[in-house]
Amino acid sequence: MDLLDNTVRPYAWGSPTAIPHLLGVEPTGEPQAEMWMGAHPGAPSRTARGTLVEVIEADPEGELGARAVAKFGPRLPFLLKILAAGAPLSLQVHPDLAQAKEGYADEERRGVPADAPHRNYKDANHKPELICALTEFDGLCGFRDPVQAADLLDGLGVNSLKPYVDLLHAHPEDAALREVLTAILSADPEEMARTVAEATAACTRLGGAYAPYADIAHHYPGDPGVIAAMLLNHVRLQPGEALFLGAGIPHAYLNGLGVEIMANSDNVLRCGLTPKHVDVPELLRIVRFEPSDPGVLRPEASPEGEEVYETPIDEFRLSRYVLPEGGTAHDLTLDTPQILLCTAGAVRAGEHELRPGRSVFVPAGEHTEISGSGTVFRATVIV
């Protein structure tokens, strides 16, 4: 079992205080957005044996187990993170596996440099993800019913939004949503900036259901993503609740601290709320234009005390243990690789004492017990 030394990514949207508070260290004053736990080449966790990438490459079957290697190849198929949003992230979608393979092969064939700002596909993998709230957590997830979106836009009283309102009342629903999002992202930038300014003033004045969009606009003044965001469901997670974000589902995290797990990929297509490249034609190919309920997940408890967040994905499986004071030890031994992350209390994992924000990598088949008082998240795979 390896104690992990993890990199914190200082993205501009990160909270300056949430991750330091969890870790019990002094804030630096800089944003601290994500702490990565895993074997992603961009920021692999470090161990006493080398980086987790090096450890796995030296003995894939020994570290990951034969069944995981047979199913996913000689790599850790998931990336675990602590995510701390102090400002809204970009509005985005992820491709499914076939789309990712096709898009990556096309950009490789056309010789698009891997670090080019207009490159969409950094790898050939999909990127389903799950976010579990540690604090109250705000996000956007999936399209609203078009009529509800029309009512929200219409309530602003902004004349330039009337065409979108009319389109959202058209049928079929998927065509209406596609046409409106296309129109928003293709509008004249100066005209759209004026529309966003009027909508922002109205959101600020009205408050209530409009308050999240006023805050988004404060961070991204004039961005067409402010209007696009109003097409989506706003959801507020309570601690312990989660969202699963599958392929093609537009989403954005707005504020809060959470544990995030995803397939090990960097493929993101942005819809707005960002200065980065927005490839409108490719985005429209990937987005699933269908209204949906955000589908808030709550963990399902087993008799052994494991609380599992069920998803339709095999690359990752996230669960947690909430250990009471004076409780018994739990045997977590598996024939698949695991990362164990403490988020509250003091928990012993093998020979390591874990405090909030500390984590360990457990090779497949290694005998593992946890004990103590606190909360531990367990990340593994399904084989």
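Trainee: Is Arg 49 buried, exposed or partly exposed?
Mentor: This is a predicted model, and the accessibility discussed here is computed from its atoms. Buried residues fall under 20% relative accessible area and exposed ones over 50%. Because the relative accessibility of Arg 49 comes to 46%, its class is partly exposed.

Trainee: With which residue does the side chain of Asp 2 meet in a salt bridge at 2.6 Å, N to O?
Mentor: Side chains of opposite charge can pair when their charged atoms come close. Here the N to O distance of 2.6 Å lies within the 4 Å limit for a salt bridge, and the side chain that Asp 2 meets is that of Arg 49.

Trainee: How many residues apart are Asp 2 and Arg 49 in this salt bridge, which links distant parts of the chain?
Mentor: The side chains of Asp 2 and Arg 49 meet in a salt bridge. Asp 2 lies in strand E1, residues 2–3, whereas Arg 49 belongs to the loop between strand E4 (46–47) and strand E5 (50–51). Asp 2 itself counts as buried, because its relative accessibility is 8%.

Trainee: Which residue is linked with Asp 2 and Arg 49 in a network of salt bridges?
Mentor: A search of the whole structure gives 19 salt bridges. The network that contains Asp 2 and Arg 49 also takes in Glu 63.

Trainee: Which helix holds Glu 108, the residue that pairs with Arg 119?
Mentor: Arg 119 and Glu 108 form a salt bridge, with their closest N and O atoms 3.0 Å apart. Arg 119 sits in the loop between that helix and strand E8 (129–133), so the pair ties together parts that are 11 residues apart in sequence. Arg 119 is buried at a relative accessible area of 5%, whereas Glu 108 is partly exposed at 43%. The helix that holds Glu 108 spans residues 97–109 and is numbered H5.

Trainee: Which strand contains Arg 320, whose pair with Glu 307 links distant parts of the chain?
Mentor: Arg 320 forms a salt bridge with Glu 307, and their closest N and O atoms are 2.6 Å apart. Glu 307 is in strand E15 (residues 307–309), 13 residues from Arg 320 in the chain. Arg 320 counts as buried, because its relative accessibility is 19%. The strand that contains Arg 320 covers residues 317–323 and is numbered E16.

Trainee: Turning to the rings, is the pair of Tyr 11 and Trp 13 stacked, edge-to-face or tilted?
Mentor: The count of aromatic pairs comes to three. In the pair of Tyr 11 and Trp 13, the ring centres are 5.8 Å apart and the planes stand at 40 degrees. Planes under 30 degrees apart would count as stacked and those over 60 as edge-to-face, so this pair is tilted.

Trainee: Is Trp 13 buried or exposed?
Mentor: Tyr 11, its ring partner, has 28% relative accessibility and therefore counts as partly exposed. Trp 13 stands at 15%, which is under the 20% limit, so its class is buried.

Trainee: At what angle do the ring planes of Phe 137 and Tyr 253 stand?
Mentor: The ring centres of Phe 137 and Tyr 253 are 5.5 Å apart, and the pair is edge-to-face. Phe 137 lies in strand E9 and Tyr 253 in strand E12, so the pair ties together parts that are 116 residues apart in sequence. Both residues are buried, Phe 137 at 1% and Tyr 253 at 4%. The angle between their planes is 75 degrees.

Conventions. Residues numbered from 1 in each chain as written. Predicted model: local features only at pLDDT ≥ 70, side-chain atom pairs only at ≥ 80, totals over all residues. Heavy atoms only, no water. Phe/Tyr/Trp six-rings, centres within 6.5 Å; stacked < 30°, edge-to-face > 60°. Buried < 20%, exposed > 50% of the residue type's maximum accessible area, 1.4 Å probe, protein only. Helix = DSSP H or I, 4+ residues; strand = E, 2+ residues; numbered from the N terminus.
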